[in-house]
Amino acid sequence: MASQYFISRAKAGKMLAPYLEKYHSDHVVVVALSEGASIVGAQIAMEIHANMLLYLVKGIYLPGESDALAGISSAGNFSYNKMFSAGQLEEMSTEYRTHIEQQRITSRHELNILIGQEGEINPDLLRRRTVILVSDGLANGFSLDVAAEYFKTIAIKRLVIVTPLASVSAVDRMHLIGDEIACLAVTDNYMNTNHYYDDNTIPSVDDVIKIMRNISVNWKRA
């Protein structure tokens, strides 16, 4: 297992790429869960000759809470956080119904502005393909749950979840949700994702879209 510290997200992506070589040119799409994840995912996509898409998740929080109650994605799907019990979710969603709905509308609007039409994920590009879902670090499995709900509506062939590092609980979610996982390091006491990288330069969404648009130009040649 690798050290839980990395020089950069690009270096971590290069370290992960060999684990995905079997998917080289095999109807695969790399999906990045964040702008930081796109740096990791780009290295994988270039190595295995895949295209890359961006799937952003924005958390919805109740007043005074540090854990997201729910999340909405750039594809528009909404999902509650499975770390809460059914009883807790029912109680909170009833008490804070107006607050949740307002945050849901605001978050969806912010995501639409952030990614624009060019950044919209296209389900037709995922259907009947292996999806390699990439994160740059997973403190928990919440973003995976939101993404999994979306993929349920699409007939994807296989879901492979990839991250340089994750908490123990996040690895448990990876195993439950994915058909296959690749994780370089697991930590018991997960801190902020940036803590694990020396270089924390993160591209803007506009820059990520440019990378996505030109990814095939940089495919590694055999």
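**Ground rules.** I am working with a predicted model, where local features need pLDDT of at least 70 and side-chain atom pairs count only at pLDDT 80 or more, while totals for chains, interfaces and linings use all residues. Residues are numbered from 1 along each chain as its sequence is written, and side-chain values use heavy atoms, with hydrogens and water left out.

I stayed with R128 and read a positive phi of about 60°, although R128 is not a glycine. R128 counts as exposed at 63% relative accessibility. For these labels, buried means under 20% relative accessible area, exposed means over 50%, and partly exposed is in between (1.4 Å probe, protein chains only). I then turned to H49, a residue other than glycine whose phi is positive too, near 60°. H49 sits in the loop between α2 and β2 (51–54). Is H49 buried or exposed? H49 is buried, because its relative accessible area is 19%.

I counted seven helices and eight strands in the chain. The C-alpha atoms fill a box of roughly 60 × 40 × 30 Å along the principal axes. I checked the radius of gyration, which is taken over C-alpha atoms; the globule rule is 2.2 Å times the number of residues to the power 0.38. For 222 residues a compact globule would come out near 17 Å, and the chain agrees with its 17 Å. Buried residues make up 49% of the 222 residues. For contacts, I used heavy atoms within 4.5 Å. Among contacts with a separation of 6 or more, 68% come from residues 24 or more positions apart.

I noted an accessible surface of about 11,000 Å², with 48% of it belonging to carbon and sulfur atoms. The areas come from the Shrake-Rupley method with a 1.4 Å probe, and for residues only the protein chains shown count as cover. The chain has 20 positive and 25 negative charges, and their mean positions are 8 Å apart. Lys and Arg count as positive and Asp and Glu as negative, with His and the chain ends not counted. Each charge is placed at NZ of Lys, CZ of Arg, CG of Asp or CD of Glu.

Which residues of helix α1 (residues 9–16) are buried? I found R9, A12, G13 and L16 buried. They cover an arc of only 100° around the axis, so they are on the same side of α1. The arc is that of the directions from the helix axis to the C-beta atoms. The cover over these buried residues includes α2 (35–48), β7 (158–167) and β8 (180–187).

Next I took helix α3 (residues 86–95), whose buried residues are L89, M92 and S93. Down the axis of α3 these fall within an arc of 95°, so they line one face of the helix. E90, E91 and E95 are exposed on the other side of α3.

I located D206 in helix α7 (residues 205–213); D206 is exposed, at 51% relative accessible area. N192 lies in the loop between β8 and α7 and counts as exposed at 54% relative accessibility. C-alpha to C-alpha, N192 and P164 are 14 Å apart in space and 28 residues apart in sequence.

Key
Helices (H or I, at least four residues) and strands (E, at least two) are DSSP runs, numbered from the N terminus.
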